Amino acid sequence: MKAFFGWGLIIAFFIFIFNSGSSNESSSFNDSNYFSDDQNAISRTDAIDSHWDSISDYVDGTETIEACSDDSGNCYSLDADISNGHLETLYFPNGGYLNFYTEFDSDGDAYDTDSEGNSWSFTLDMDSSIVDDAISNWASDNDYTID
């Protein structure tokens, strides 16, 4: 009887060890870190639509934008300095420039008045490299992946 009880304990011990090993494997498979990439994936469009206020802070550099003088009705493709999503300086081909401080919205539009009281509207191409870089940098800093 003692031998039967001893063998029962040994068999129970091995079953316990075997089951402990299996549960560790399944818990590591179900670990929340395993799925973290999928949980933080976001499309480029959704990132702009939902997070533009944060992404725009990453929009920095010089980019060609469309600038329209609302008073004259003329539109121009001009280089512009953009900092933290704000148009700061607009450069004309003759060497002239205008200073502004207006923020681009999630559609790439901005509006402001120059120092002479002329109204302007501006359009930043949301498919431009400056916006792509901003989205990429924002995603990296905030643990997102862009689909």
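Residues are numbered from 1 along each chain as its sequence is written, and side-chain values use heavy atoms, with hydrogens and water left out. Because the model is predicted, local features need pLDDT of at least 70 and side-chain atom pairs count only at pLDDT 80 or more, while totals for chains, interfaces and linings use all residues.

Me: How far apart are the sulfur atoms of C68 and C75?
Reply: A disulfide is a pair of cysteine sulfur atoms within 2.5 Å, and by this rule the count comes to 1 disulfide. The link of C68 and C75 is right-handed, with 110 degrees about the S-S bond. The distance between the two sulfur atoms is 2.1 Å.

Me: Which side chain of opposite charge is nearest to D114?
Reply: D114 is buried (under 20% relative accessible area, where exposed is over 50% and partly exposed in between, with a 1.4 Å probe and protein chains only).

Me: What is the angle between the ring planes of Y76 and F92?
Reply: Rings of Phe, Tyr and Trp (its six-membered ring) pair if their centres lie within 6.5 Å, with planes under 30 degrees apart counted as stacked, over 60 as edge-to-face and the rest as tilted. The structure holds 7 aromatic pairs. The centres of Y76 and F92 are 6.5 Å apart, and the pair is edge-to-face because the planes lie at 80 degrees.

How values were computed
Lys and Arg count as positive and Asp and Glu as negative; His and the chain ends are not counted. A salt bridge is a side-chain nitrogen of Lys or Arg within 4 Å of a carboxyl oxygen of Asp or Glu.
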